Amino acid sequence: MKERLIKNLGLKILSLFLAFIIWLIVVNVSNPLVNGRREVTLEIENDQVLTAARRAYEIIGKSTVTVGFDVHARDNYKVQPSDFRAYIDLSELYDVTGSVPVKVEVLNNDDIYYNVVSRPGVVRVKTEDIQTKPFEVTAEVEGTAASGYDFANVVLTPNTVIVEGPMSQVGLINHVGVKINIDGLSSDGEGNAILQFYDGNGNVLSVDERVHTDVDETGIGYKVNVNKIKEISLDFEVEGTAASGYRFVGVECSKRSVQVTGSRSGLASLNVLVIPSSVLNINGAVQDKVVMVDIREFLPEGVQAADSEDPNIEVRMLVEALITKTIELNETDISMTGREEGKEYAMKPSEVTVTVQGLKEDLEDLTKEDLHASMDLAGLEDGSQEGSLQFEESDRFTILSYEEFQIEVTSSESEGETIPQFQETEGNAESGESVSGQSSPVAGPGEDLSAIEAGVSPGGETQEGETATQ
């Protein structure tokens, strides 16, 4: 009999069912009280008391409290967090400790709750002064305007804001501003941007909800202006004189042109930017002189360098040393004017050494014809006269000196015979014709006619002598 009861599964299940029924009957008949708890958000009342006193507050700890209560077991399923309201009244704030008692109200099903309490029973509230501070709004432009255009400026509305909040929060703010994207912009644009707070390092600050401004939720209005980019050439005004023996030969610059932008009226008449002589002076220079120039200093009003343009340019004023060269001139290389009929003229010596000065590249291929030497014979009396040469001015070279020479003047009547006259070098020197139309070389006193005919000078030289010294 005993083993039958132990090994019978049906009896076991039946006994469990009967036990549950008995327990359910007992519970429903006795309906005992059980403990319960719910987490409820803490509400604030009468905060205007502190606001009127220009004080800000902050709840220390959690913003919720736990509401404890007793409820009959049969009513436990009805319990909801919304049945309770927990709040503090800031008018009851005790300044010494900063404590405020928590109060709990039962909003729904108040007939089923017993012994309702709040845990904790008091909360601490931290208070501090409210600070009001004005800030100028700055604009940070992001992106790049369309090709051929450049950012000009941005106008903000409003351009200042009033920030108000706890002193500990407002004190963290270094400046306020907005971010505006101009990527691909090819015309003026406008819109609204959200105001942001920044610390001293330019990082965006996250302040709490107690900080507010006098700007509405739409943010700061802005208008962006863009200008067209224009490329203009550079010109240079150089003043002064290089040191003796040196010459200014030109200007080299790190850029041939620069990109500028600005108002249409400012760009309309600007095609060349002149770098003035006030910054380009070569007085006394014995070598190249280099100066760094900021083009922004010389741009007209309403025009500025494009953002992509480096405003600093390097200007090199080139200075080269001069060299000297000697050139031998004979009578046929000199244009004779002012000849008087019946008089004969001869140079003593028949060749004159001329010293010229200039740049190496200019003197390398300089010939005697380039000197355009001339001599005026008008008014010379018979006998030996000091000769004087004139040269055509040139920017390639300078005549430093020439050797002294004499002009022997003789009258054909006093000699009693006809002596061939000095040849005119202009138009006749190359053909060898004399003034009288006869072809005849001219020999000066004591000169060998045969040597002249052979094209050899009295000194035996057949070509001009040249020397070059630094």
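Let me start with a definition: a salt bridge is a side-chain nitrogen of Lys or Arg within 4 Å of a carboxyl oxygen of Asp or Glu. What we have here is a predicted model, in which local features need pLDDT of at least 70 and side-chain atom pairs count only at pLDDT 80 or more, while totals for chains, interfaces and linings use all residues. Residues are numbered from 1 along each chain as its sequence is written, and side-chain values use heavy atoms, with hydrogens and water left out.

By the salt-bridge rule, the count comes to 16. One of them joins Glu39 to Lys62, with the closest N and O atoms 3.2 Å apart. Glu39 lies in strand β1 and Lys62 in the loop between β2 (55-60) and β3, so the pair ties together parts that are 23 residues apart in sequence. Helices (H or I, at least four residues) and strands (E, at least two) are DSSP runs, numbered from the N terminus. How accessible are the two partners? I use buried for under 20% relative accessible area, exposed for over 50%, and partly exposed for what lies in between, with a 1.4 Å probe and protein chains only. Glu39 is partly exposed, at 40%, whereas Lys62 is exposed, at 57%.

Another salt bridge brings together the side chains of Asp129 and Arg55, at 2.7 Å from N to O. This pair links distant parts of the chain, 74 residues apart: Asp129 belongs to strand β8 (residues 122-142) and Arg55 to strand β2. Asp129 is partly exposed, with a relative accessible area of 37%, and Arg55 is partly exposed as well, at 27%.

I turn now to strand pairing. In general, strands of a sheet pair through backbone hydrogen bonds, either parallel or antiparallel. Two strands count as paired here if DSSP finds at least two bridges between them. Strand β1 (residues 33-45) runs antiparallel to β3, and nine bridges join them; Gly36 has Phe69 in β3 as its bridge partner. β3 also pairs with strand β7 (residues 113-119), in the antiparallel sense, over five bridges. There, Asp70 is partnered with Tyr114 of β7. How many residues of strand β3 (residues 64-72) are buried? Seven of the nine are, and the strand is mostly covered.

Six bridges join β25 to β30, and Tyr345 has Val409 in β30 as its bridge partner.

Next comes the interior. A nonpolar core is a set of buried Ala, Val, Leu, Ile, Met, Phe, Trp, Tyr and Cys residues joined through side-chain atoms within 4.5 Å. The largest has 23 residues, of which Met347, Leu371, Met375 and Ile407 touch the most other members. The elements giving two or more residues to this core are β23 (323-330), β25 (343-348), β26 (351-358) and β30 (406-411). A second, separate core has 22 residues, among them Val258 and Leu280.

Gly165 counts as buried, at 2% relative accessibility. Gly165 and Arg210 are 45 residues apart in sequence, yet their C-alpha atoms are 5.7 Å apart in space. Thank you for your attention.
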